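Here are my notes on the model you sent over. Have it open while you read, and go through the points in order.

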Amino acid sequence: MDDALKAPSRRAFLKGSAAMAAGTVAGAAAAQTGPDPLITDLQDWASYTGVGVDEVPYGMPIEFESHVVRRNVEWLTASPISSINFTPIHALDGTITPQGCAFERHHSGAIELRKEDYRLMINGLVDTPLVFSYDDIERFPRENHVYFCECAANTGMEWAGAQLNGVQFTHGMIHNMEYTGVPLRTLLAEAGADMSADKWVYVEGADASSNGRSIPMEKALDDVLVAFKANGEALRMEHGYPVRLVVPGWEGNMWVKWLRRIEVVDRAVESREETSKYTDVYEDGIARKWTWVMDAKSVITSPSPQMPIKHGPGPLVISGLAWSGHGQITRVDVSRDGGITWETARLGKQGDTKALTRFYLDIEWDGAPMLLQSRAMDETGYVQPTKDQLRDKRGENAVYHNNCIQTWYVNAEGVAENVEVS
Ligand SMILES: Nc1nc2c(c(=O)[nH]1)N[C@H]1C(S)=C(S)[C@@H](COP(=O)(O)O)O[C@H]1N2
Ligand SMILES: [Mo]
């Protein structure tokens, strides 16, 4: 490995602070080449009145933030109707994903379904088959929880090598929202469902794809929500308006949108989405199925290829996201030398269970290139694996459930690139 990429010694740190002082001076000089906004004419924004309170009934981000948007990768799928776009996680902070830029994944396009036309049926092994209207669902006691939703295919393009140059594309099939909804167990009880441990629920959506999935009864009774609000407001069309299923910690495919039916069944249905898709094919052709839980994972969102360092040596905030479908994130380590040495990051807030956790490492950057990595640990003691550890187990045929440690190479100019270390 390049000497410059070794962990910075104490001497390097001291050198770094000298360089930082120089950097500050250079920065100040650069700022003075343009007109000083403080000594020219009164600025526009102080000379004229602004926008009235009657002009923006529902606010959108200011135009200067118009780059913070979902993006898709055209070659990834044959049609945008059955496709995916990516959350701009590089440009967000904190943990909550605004609905307007939260990734979308649909198999047959997002549908427009009015609350008045909405119905949810519970049938199968129940005493009384029931059909709920939207208003009926709002009359059951509800709860609020923040959870991440990650598509099992997140990072799926990276198995064979570093491919997509941006954390939005490598890790952006994820969002994290505060959901308001009724526990699924409440609705199952209302219908007098057979809740014995060997039973399943088969859940499907009202869109053409229906996206049917089987969920074991134990999970259905645990923390699954029939949700109708996200981040305080109605679900957006693209996230399943008016009602979607929230299946905490489990792969996004099971989070059925436009939820229309819950059938209590005595065995898994083995639908398309849980056989030909969302199974993991090993090197020998054998497929691993029922891989529901999203294992612990983390990634540095800044600096990253879409978020170069914009300043010289000196204080640098390294930040990222960590999450685990098994519960809370307990610790995140960051490496600047490709995994040789590690420092423990600071958690923005002690992790909620099955929700995104923000982490920070505040450093004095010495201006030398870095191989940045992050490594998450969860409450079960599980440690996020390296890419090679994952490939040893699952080969390179796999698509789903790639939770490997990601590496960004950051050069002396602060430009970052998606790379692999071994
Ligand atoms: N009805 C229905 N539900 C669906 C899908 C779909 O195509 N139709 N896609 C699934 C997949 S694969 C994922 S990853 C999540 C994505 O949820 P989002 O679009 O809110 O991000 O929804 C799931 N629920
Ligand atoms: Mo998905």
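**Around the ligand**

1. Ligand 1 has 21 residues around it, and those that come nearest are Phe-103, His-107, Asp-207, Arg-244 and Lys-257. A residue gets into that shell if one of its heavy atoms lies within 4 Å of the molecule. Bear in mind that this is a predicted model, where local features need pLDDT of at least 70, side-chain atom pairs count only at pLDDT 80 or more, and totals for chains, interfaces and linings use all residues. Residues are numbered from 1 along each chain as its sequence is written, chains are lettered from A and ligands numbered from 1 in the order in which they are written, and side-chain values use heavy atoms, with hydrogens and water left out.

2. By class, that shell splits into 6 nonpolar, 9 polar and 6 charged residues. Here Ala, Val, Leu, Ile, Met, Phe, Trp, Tyr, Cys and Pro count as nonpolar, Asp, Glu, Lys and Arg as charged, and the others, Gly among them, as polar.

3. Phe-103 has a backbone N or O atom 2.6 Å from one. For His-107, an N or O atom in the side chain is 2.7 Å from an oxygen atom of the ligand, and a polar side-chain atom of Arg-244 also lies 2.7 Å from a ligand oxygen. The protein covers 100% of the 530 Å² of accessible area (Shrake-Rupley, 1.4 Å probe) that ligand 1 has on its own.

**Elsewhere in the chain**

4. How many aromatic pairs does the structure hold? There are 10, taking rings of Phe, Tyr and Trp (its six-membered ring) whose centres lie within 6.5 Å; planes under 30 degrees apart are stacked, over 60 edge-to-face and the rest tilted. In one of them, Tyr-134 and Phe-228, the ring centres are 6.0 Å apart and the planes at 80°, so the pair is edge-to-face. This pair links distant parts of the chain, 94 residues apart: Tyr-134 is in helix 3 (residues 134–137) and Phe-228 in strand 9 (residues 225–230). Helices (H or I, at least four residues) and strands (E, at least two) are DSSP runs, numbered from the N terminus.

5. Please look at the backbone too. Most peptide bonds are trans, and most residues other than glycine have a negative phi. A cis bond joins Tyr-241 and Pro-242, with omega about 5°; Pro-242 is in the loop between strand 10 (233–234) and strand 11 (244–246). Ser-302 and Pro-303 are also joined by a cis peptide bond, omega about -5°. Asn-211 has a positive phi, near 45°, and is found in the loop between strand 7 (200–205) and strand 8 (213–216).

Methods
Polar contact = N/O pair within 3.5 Å; in protein donor to acceptor, adjacent residues only side chain to side chain.
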